Structure formats: C-alpha cells, structure tokens
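Me: Hi! Could you walk me through the inside of this one? I'd like to start with its cavities.

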Amino acid sequence: MTPFIRLHPDDDVVIARGQLVGGASVEGFAVRGLVPAGHKIAARDIAQGAPVRRYNQIIGFASRPIAQGEHVHTHNLDMGPDKGGFARDYAFGADVRPPPARREASFLGIRRADGRVATRNYIGVLTSVNCSATAARAIADHFSRRINPQALAAYPQVDGVVALTHGTGCGMDTEGLGMRILERTLTGYATHANFAGVLVVGLGCEANQINAWLASGHLVEGETLRTFNIQDTGGTHKTVEKGIALIEAMLPRANAVVREPCSAAHIAIGLQCGGSDGYSGISANPALGAAVDLLVAHGGTAILSETPEIYGAEHLLTRRAVRREVGEKLVERIRWWERYTALNDGEMNNNPSPGNKAGGLTTILEKSLGAVAKGGTGNLEAVYEYAEPVTAHGFVYMDTPGYDPVSATGQVAGGANLICFTTGRGSAYGCAPAPSLKLATNTALWRRQEEDMDVNCGEIVDGTAGIAQMGQRIFELVLATASGQTTKSERHGYGQSEFVPWQVGAVM
C-alpha cells in the first residue's frame with residue numbers, strides 16, 4: 001500500500017495516507033519537510049496564481065510558487081484574487097441518466113394513521129419562544145427514563161419524551177423571513193412521523209404567537225397536538241403540572257403501536273458532514289454516497305444540504321438536475337449566500353473551521369468537492385428551501401447553513417426520519433426525533449472515539465474495504481436503525497440540545 005493517495009491522474013496534489021517526513025518518496029520524488037496525515041503534497045511544480053486541482057477540480061490557487069514535494073496548505077494556497085468567483089460550467093441536466101432499476105427492501109417501521117411511516121416513536125415538547133424553554137424541559141424531565149424511570153414504565157413502545165427548545169421566537173419581525181423559517185421548522189416537527197404526539201408551550205406575549213403559527217401551518221389542535229401559554233396557566237409550576245397531565249393523556253395512544261415490515265421507500269435520510277478532514281472526500285462521504293444510490297434504487301429519499309459547503313462544487317449537482325429550473329434554483333441559492341455573507345462582512349471561504357484545516361482541508365472549494373460526494377451519483381430531483389416539506393423521492397437538495405445542528409434541524413423539519421453524519425475530526429451529535437448514525441473517515445478517529453462512532457469508513461483509507469462494500473454496509477445499518485436498533489448517540493442521550501432552527505435577520 002502506497003503512503004499516499006492519488007485521486008485523479010490530472011491532479012496537482014496527492015494525499016498523505018499517514019504522516020510523511022522529509023525525504024520520503026512519493027511517485028518518484030522526495031517530500032520536502034513534514035506533511036501531516038490527510039494533507040496534500042504537490043505532485044508537480046505549480047506557478048504562483050495557477051489553479052490547483054484535486055478530484056480533477058479546482059480547490060484553489062497557488063498564492064506563491066509551490067515546488068514539487070512541498071506541503072500544500074493555507075500558507076501557499078488560497079481562493080485566488082476573485083475569492084472563488086471563477087466561472088463554473090453548470091451544464092444543466094447534462095449528466096441526467098435513466099433512473100435505476102427499482103429494488104425492494106424492507107424495515108420494521110411504525111405506520112401512522114395517515115400512511116406515513118416512522119422510524120421512532122417519541123412524544124415531543126416544543127416551544128414557541130425561548131422564554132418557555134425551562135418549563136418545557138421540566139415537563140420532559142418528568143418522563144426521563146434516567147431521572148424518573150417509573151413515568152414511562154407502562155409504555156415500553158414509547159421511545160421517550162423530548163423537549164426541543166430554541167433561543168428565538170421573539171425580538172423579530174413577525175412578517176419577516178426569520179419568522180417564516182421558524183414557523184416552517186416548528187410545523188415540520190409538530191407533524192413529524194416520528195412523533196406520536198406533540199405539546200407546544202408558549203409564554204403568551206411573544207412575537208411567535210401560537211395561534212398565528214397554527215394558522216400558518218394549517219394545524220388544528222387535537223389528541224396528538226396540544227398547546228398552551230404560561231401566562232394563561234398561571235405560572236411555571238402550574239405550567240409543568242399541566243404539561244405533564246397532557247402528555248400522560250397522550251401516552252396510551254402513543255404506546256399502541258407495533259412495528260411491521262415497510263418498504264425502504266419510506267426512509268428519508270438527511271446527509272450531514274461535520275468536523276471534516278482530508279479523508280472525508282475519500283472515504284466516508286463517497287461511501288455514504290454509495291449507500292444513497294442504494295437507497296434511491298429502493299425508492300427512498302436522501303437530502304443533501306449545507307449550501308456554504310457545496311460552494312465551488314455546485315456545478316457537479318446542476319449537471320444532475322432533472323429539469324433546468326431545478327438546477328437554476330440551486331444556483332440562485334448560491335447567489336443568495338454570496339449576498340448574505342457579504343452583507344455580514346464575511347465571505348464563503350470563512351466556512352472551513354480550524355479543525356477542518358488541521359485535518360488537511362485548505363479552502364471551502366476543497367471542502368465542498370468532498371462534501372458533495374455524500375449525494376451519490378443519481379439525478380437531482382428537487383431543490384427545497386430551509387425546512388420545506390420534502391415531497392419528492394430520490395436524491396434532493398435543501399438549502400441550509402453549513403452549521404450541522406442548524407442544517408439537520410431543517411432536514412428533519414422537512415421530513416428526514418434518519419440522519420447519516422460523516423466526520424473526520426470527531427463529533428458528538430444526535431438529532432431527536434430522528435436517529436443519527438456517525439461515520440468516521442479514518443481509523444485513528446474510530447479508535448480514539450469509538451464510543452461515539454457507528455461505522456469506521458477508515459477501512460477504505462487503510463485498503464481493507466472498498467467504497468461499494470462500505471456503502472452496502474451503511475445501507476444495511478440504515479435499515480437496522482430504521483427498524484429500531486439504537487445508535488450510539490441515542491444511547492448517550494443526544495438529540496434534545498441539538499434542535500437549532502436557523503435564525504435569520506435582525507434581533508430587535
């Protein structure tokens with residue numbers, strides 16, 4: 001096995017499989033100085049200002065002359081004078097191909113009265129505003145199997161009662177984009193198949209009035225959706241007591257479920273990557289992409305997101321758009337982000353984190369080219385705005401920030417009933433009510449943080465497994481998880497604090 005990885009014959013760089021010291025031989029030339037694992041080495045001399053390619057795509061421009069064998073990173077590679085604004089060939093629909101032959105697989109799901117299928121069976125406590133968060137958490141804590149195990153002892157089919165609180169809901173324009181996003185997000189959770197029932201707690205005087213939200217989401221209170229305000233109830237203690245009583249009334253109905261064989265077409269996966277590194281686009285992301293192709297062939301849905309993390313790779317998606325307007329909508333969202341970051345005195349290359357860079361990624365272009373691999377190779381069926389209901393089957397896109405809790409919150413609001421999350425630096429994350437699978441990009445991370453990781457895709461880097469083999473393994477784990485097998489993040493109790501609706505606009 002070579003000490004480096006070449007991804008394309010025309011690439012200007014190769015990737016260190018492990019840490020390389022000066023003098024090590026790579027493709028017949030000597031490495032100049034220490035190169036950390038997952039980082040790039042110049043495969044040829046590169047002139048200042050010249051584009052640098054990885055995956056046979058531009059990942060940046062040489063900010064000074066780079067000699068063959070030299071470490072290529074932030075000290076000699078940047079976004080160029082136009083900050084990544086070079087022309088892309090969008091070629092709308094050029095790579096669309098006939099849909100794959102339909103395959104059949106099943107999982108043990110929970111079929112709701114309206115025909116939707118759940119992968120989990122929770123009761124949720126949502127809040128209209130940050131002011132009611134403490135009361136909501138107290139209500140849910142009463143039913144915690146860790147704090148008060150007797151509360152749910154008679155209801156073994158209920159996975160738990162979770163409080164999903166947030167930090168907004170007031171101090172905002174009641175007619176603005178931020179309010180529309182919050183309303184969509186709360187509506188998506190209130191109607192999510194993985195909730196057998198939902199209680200919404202407000203304060204009473206907030207901008208996000210519960211009655212206005214119910215109207216905007218075309219929601220009607222009933223046995224599975226109850227709402228009330230602290231100010232109408234008479235205080236915090238009375239609010240908690242009332243909330244507990246309302247949930248106790250929901251529990252018998254919520255418990256009366258049986259898992260039954262259901263088509264894999266009912267699975268909708270939100271695709272996430274966080275704490276990415278130089279191996280993400282080599283191992284876990286393409287392996288997840290292979291699993292996505294399998295899911296789509298079985299009639300399921302996969303949602304790619306994190307628009308700041310497809311920047312510079314969006315042309316690879318527009319080529320797969322089934323209709324020109326689908327591709328154009330994606331490009332429009334890219335342009336919106338360019339304007340939005342500029343308005344806030346930022347730029348798209350602000351996205352790579354210090355951890356991303358320590359792991360070998362240099363620019364957002366490089367990060368994005370690895371990130372889009374999560375979406376597999378199939379056609380792009382639709383593009384959605386944040387938290388919009390996802391109605392199409394197959395591979396789709398949702399516009400979200402790159403920050404994982406915010407992004408996944410939008411995906412779940414759109415209907416994702418499972419999350420697959422790749423990471424190279426390590427992540428501690430869950431996403432109630434949707435189970436979250438964590439895919440490690442490298443074996444060192446797997447060994448260091450195995451208690452949080454569900455799959456070691458580092459076997460691809462190690463040469464002991466192939467991408468297709470790992471994709472099959474992930475797909476089978478998706479089916480098992482959708483059937484009720486718990487993920488490691490679920491066992492640790494993650495999922496409530498990670499509910500983070502996207503907050504857009506001025507805080508007033």
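Me: Which helix gives the most to the lining of the second largest cavity?
Reply: That's H6, with four residues. Keep in mind that this is a predicted model. Besides H6 (284-297), helix H14 (467-482) also gives two or more residues to that lining.

Me: Nice. Which residues line the second largest cavity?
Reply: Ile269, Leu288, Ala291, Val292, Leu295, Cys420, Ile474, Phe475 and Val478. By class, that makes nine nonpolar residues, with no polar and no charged ones.

Me: And how much space lies in there?
Reply: About 30 Å³ in the second largest cavity.

Me: OK, how many cavities of 30 Å³ or more are there?
Reply: The count comes to two. The largest has a volume of about 40 Å³, and among its 13 lining residues, Ser280, Gly281, Leu361, Lys367 and Gly370 are the closest to its centre.

Me: What's the lining of the largest cavity like by class?
Reply: It divides into three nonpolar, six polar and four charged residues. Helix H10 (residues 364-371) provides the largest share of that lining, four residues.

Me: Switching topic: which residues of H1 are buried?
Reply: In helix H1 (residues 133-142), they are Ala133, Ala135, Ala136, Ile139 and Ala140. They sit on the same side of H1, because they cover an arc of only 165° around the axis.

Me: What do those buried residues pack against?
Reply: Strands S12 (122-127), S13 (160-164) and S14 (195-202), plus helices H4 (230-233) and H5 (236-255).

Notes:
Residues numbered from 1 in each chain as written. Predicted model: local features only at pLDDT ≥ 70, side-chain atom pairs only at ≥ 80, totals over all residues. Heavy atoms only, no water. Buried < 20%, exposed > 50% of the residue type's maximum accessible area, 1.4 Å probe, protein only. Arc of directions from axis to C-beta. Contact = heavy atoms within 4.5 Å. 1 Å grid on protein atoms, 1.4 Å probe; cavity = no way out; pocket = protein on both sides within 12 Å on 5 of 7 lines; lining within 4 Å. Points joined across faces, edges and corners; volume = space filled by probe spheres on them. Nonpolar A, V, L, I, M, F, W, Y, C, P; charged D, E, K, R; others polar.
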